[in-house]
Amino acid sequence: MLEISGLTIEVDQKPIVEQSSFSVPHGKITSIIGESGSGKSMTVAALLDILPPGGRVCGQALLNGMNLLDYANKDMKALRKSHIFTIFQDAANSFNPSVKMKSQLYELAGRRMNDTLSQFHTKMENVLQDLGLSATLMEQYPFELSGGMLQRSMIACAFYIKPKLLIADEPTSAIDVILQDEFIELLKLLNVEYGTTILFITHDLDVVVEVSEEMVVMHDGKVVESGKVKTLFERPQHSYTKRLLNSRF
Amino acid sequence: MIAKWIGKRVVMGIMVLFIISFLSFFLMHAAPGDPATAFYGGNAQLLNAAEKARIYEAFSLDRPIIQQYSAWLSETLKGNLGYSSREGRPVSIILMERFPNTLLLFSVTMSSIILGSILLGTAAGMKTGSLWDRGLSIISIATSSVPSFWLGILFISLFSVKLGILPSSGTMDIRGDGGLLDRLRHLIMPASVLILTHVGIYARFLQESIKTESRNYYVVVARANGVAEREVRKGVLRNASIPFLNYIGMTIPSFFGGSIIVESLFSWSGLGQLTVNAVVTKDFPLLMGSLLFTGLLVVVSLFLIDCMMYAVDPKLRKGGLK
Amino acid sequence: MKSRKALIFWCALLLVIVCLTVFAQFISPYGTNEMNMDRIYEEPGKNHVLGTDHLGRDVMTRLLEGGKATLSIAVVSVLMSLIIGVIYGGISGYIGGFVDVVMMRFLEALIAIPSVIIILAFQAMMQGGVWSMAFIIGITNWLVTARIVRSEFIRLREAEFVQMAKMFGTPTWKIILQHMLRNSIPAVFVVTLFNFAGAVFMEVSLSFLGIGVPPSIPSWGSMLYYAQNDILIGAWWIGVFPGLMIFATILAINFIGEALKNPERRRLNA
């Protein structure tokens, strides 16, 4: 589904990612694993056109044959919007504290599906209920809700939109283990029921094993190894991968 | 919840007015000369003994100062602010005459400033690093460093003297029959002076608030997921307007001070000019009355700002975080 | 604006202005109150670089002398504001608790009163000279300084090195002097700088209104007081030049203050 080749990212002339290449196969869950500073979040930022000022990128990231890195292209923007949805690390802060949930959820989910407000209301209520959230949440403000509720609201958007590609950037680092498991189950559900391709960024190897079929190992701005999770675990090729696996125990 | 909030504001307001009244009252009594004369009105000599006695009685002028203060206070609360020692007319009536002019100037300038700063500040704040951004920073410092009355003098020099197209003083034509256009011609210079010297800093403050607010996580999340820039902007502005309103509240007192000066320069018959004249002529009852009244205006405007903040910030309304 | 060069430029400008006023007598050939009724309202020209006023006095001389009055009033009042503000804010911030709350409520009430009003009230009572003006402005300008000192003290009170000093039994006065005050200096310095601009503005405004320094003493503000009427007869130079000086001074102070205000932010952005 997504083919990255030769991706190089620089911020203020400092190299962050060098010549990365990997692919995200359609309909599967792929994880990018690496420690902080490995360049994994920057990779996501590049795909989404949210690099910090002073950031330069070259290379290719082909989604349906079109290059996501071609920022100026309006069609690219539209494609990005219609095909990709991203859940970020800190769900609690992903919402504007002073705007009601229903407006925010509408902007994130309803509007991009071209649903009217009333259609959105009904659909979203159902989605929320399926996730164990009450519909009254829509009338509330983010600061009135718990972190878990906010995270589930974000996932609700994902279930609403059913994007072709869902990117989850370290979604489990900021929450406790119970919510973590819940989140992973929901992701798997999304993948199994709707065939959503998922790109999962994390630094936690355990999560990788639980969630994904494919993995990409990044270290120091470079893609060190990639392939099926099973293969890498049984026969790691690169020294870094070996070290990573060993550190589990 | 809301009662507690209003209560707090009211208490503050009363405290402020008390301090002003204390200050002016005791200063007046610290001044040399018989303060009693000040209460007699313009033509003290013409009052006969009975009238003098009556005034003495009403203002307790022969008793200790604390009692005088409470007497004065009770009279004031009844609406009797004494008589102007220069004009001989009741202070309250003079204040009421002048008040609409100050209100006009204040509301026109303040709303223009707020509108202007929203337009300029938002444009500059949302496009970080652009020409708008840096330009506004510099221009705002430059324009706010200009003394308002100097700008006024320059304007008068240019528009009234050299070009002769705008009147240099007053609120309207002396004959009073100029109509709306005439009023506008008189209003435009004092208002412009105030607006131009203040809009810069307010716009810049809003710009900085917006910039800070835009660095928040939720902005990145929204943009990444393709939320329309217009909506992002609305959300950011909503949050940035809270410190902005706070800032307006903090600077309203000094803005009042600035308008006093402008009123003087343009002989704009408002409360500010009245106060200055009262100082010059040592017309104490009038001075005390106008100080108190101006204080009241400030308190009311602060209260209005607080109401606006309450309306904009859901956290205030819902009583804090979960 | 954000470069070192700009900062040096503005400091230099300010220095030039100060020097001009201090050395006024050496620069101009005329006396401050030297009247020449044959040459009233002369336009800027050969003999009088900046023209003459309604009494034939040289504008430039009065301008430079006036600077002395304005600037010295500003300096004295700022020192006063600094002392009062540091004491008030320091007490409030260090002691904290109920005392702090009460002091702050009182402060907020004071802030709500336009300082011009308080000054007008004072001036009505005492028509003094340069010193009483400095006193009055000093008494009304300390509010923001107090706030800043208080927030600095609150911030520092919780800092590790202060806790450690307390544990070691360092006497309180030493803690306050050496640790807390010293570390508050950057913030307080910036506030004081802006206060200085404000004091200049205050003095000028009051003199302009006619309730500042007595008319015999020239100051930038009092020159503008006369200028009000002088422009109506076309003598623009009497108003333009003092205003220019005021503008330049305040502008320089503001830019310097801005540059000093954000050193940490600039470092973070780099």
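In the predicted model, pLDDT (the predictor's confidence in each residue, from 0 to 100) stays under 50 over residues 264-270 of chain C. For this stretch the model has one contact beyond four places in sequence, two residues being in contact if their C-beta atoms, placed from the backbone, lie within 7 Å. Residues are numbered from 1 along each chain as its sequence is written, while chains are lettered from A and ligands numbered from 1 in the order in which they are written. As the model is predicted, local features need pLDDT of at least 70 and side-chain atom pairs count only at pLDDT 80 or more, whereas totals for chains, interfaces and linings use all residues.

Chain C averages a pLDDT of 79, and 91% of its residues score at least 70. Within chain C, confidence is lowest in helix α12 (residues 263-269), with a mean of 42, and highest in helix α3 (residues 59-95), at 87. Helices (H or I, at least four residues) and strands (E, at least two) are DSSP runs, numbered from the N terminus. For the complex, the predictor gives an ipTM of 0.84 and a pTM of 0.81.

The secondary structure of chain C consists of twelve helices and zero strands. Its C-alpha trace spans about 75 × 50 × 30 Å along the principal axes. Of the 270 residues in chain C, 47% are buried; a residue is buried if 20 or more other C-beta atoms lie within 10 Å of its own, exposed if 12 or fewer, and partly exposed in between, with C-beta atoms placed from the backbone. Among contacts in chain C between residues at least 6 apart in sequence, those joining residues at least 24 apart make up 69%.

Chain B has 13 helices and zero strands. Buried residues amount to 40% of the 322 residues of chain B. Of the contacts in chain B with a separation of 6 or more, 70% involve residues 24 or more positions apart.

Two pairs of chains touch, and the most contacts are between chains B and C. This contact takes 40 residues from chain C and 45 residues from chain B. On the side of chain C that touches chain B, at least two residues each are supplied by α4 (97-111), α5 (115-125), α9 (172-209), α10 (220-232) and α11 (237-261) of chain C. The largest share of that side, ten residues, comes from α5(C). By class, the side of chain C that touches chain B has 29 nonpolar, nine polar and two charged residues. In this classification Ala, Val, Leu, Ile, Met, Phe, Trp, Tyr, Cys and Pro count as nonpolar, Asp, Glu, Lys and Arg as charged, and the others, Gly among them, as polar.

Between chains A and B, 20 residues of chain B are in contact with 22 residues of chain A. Helices α9 (217-224), α10 (229-265) and α13 (314-318) of chain B each supply at least two residues of the side of chain B that touches chain A, and α9(B) gives the most, with six residues. The residues of this side comprise eight nonpolar, five polar and seven charged. Chain A and chain C do not touch, and their nearest C-alpha atoms are 9 Å apart.

Not counting residues up to four places away in sequence, A:Cys157 touches A:Phe85, A:Leu105, A:Leu108 and A:Ala109.

Chain A contains an open sheet of four strands in the order β2-β1-β4-β5, with antiparallel pairing; two strands pair if DSSP finds at least two bridges between them. The edge strands, β2 (14-24) and β5 (66-67) of chain A, each pair on one side only. Strand β1 (residues 2-11) of chain A is joined by eight bridges to the antiparallel strand β4 (residues 55-63) of chain A. The bridge partner of A:Leu2 in β4(A) is A:Leu63.

Two loop residues of chain A have positive phi values without being glycine. A:Asp12, in the loop between β1 and β2 of chain A, has a phi near 50° and is exposed, with 11 other C-beta atoms within 10 Å. A:Asn114, in the loop between α3 (101-110) and α4 (117-130) of chain A, has a phi of about 60° and is exposed, with 7 other C-beta atoms within 10 Å.
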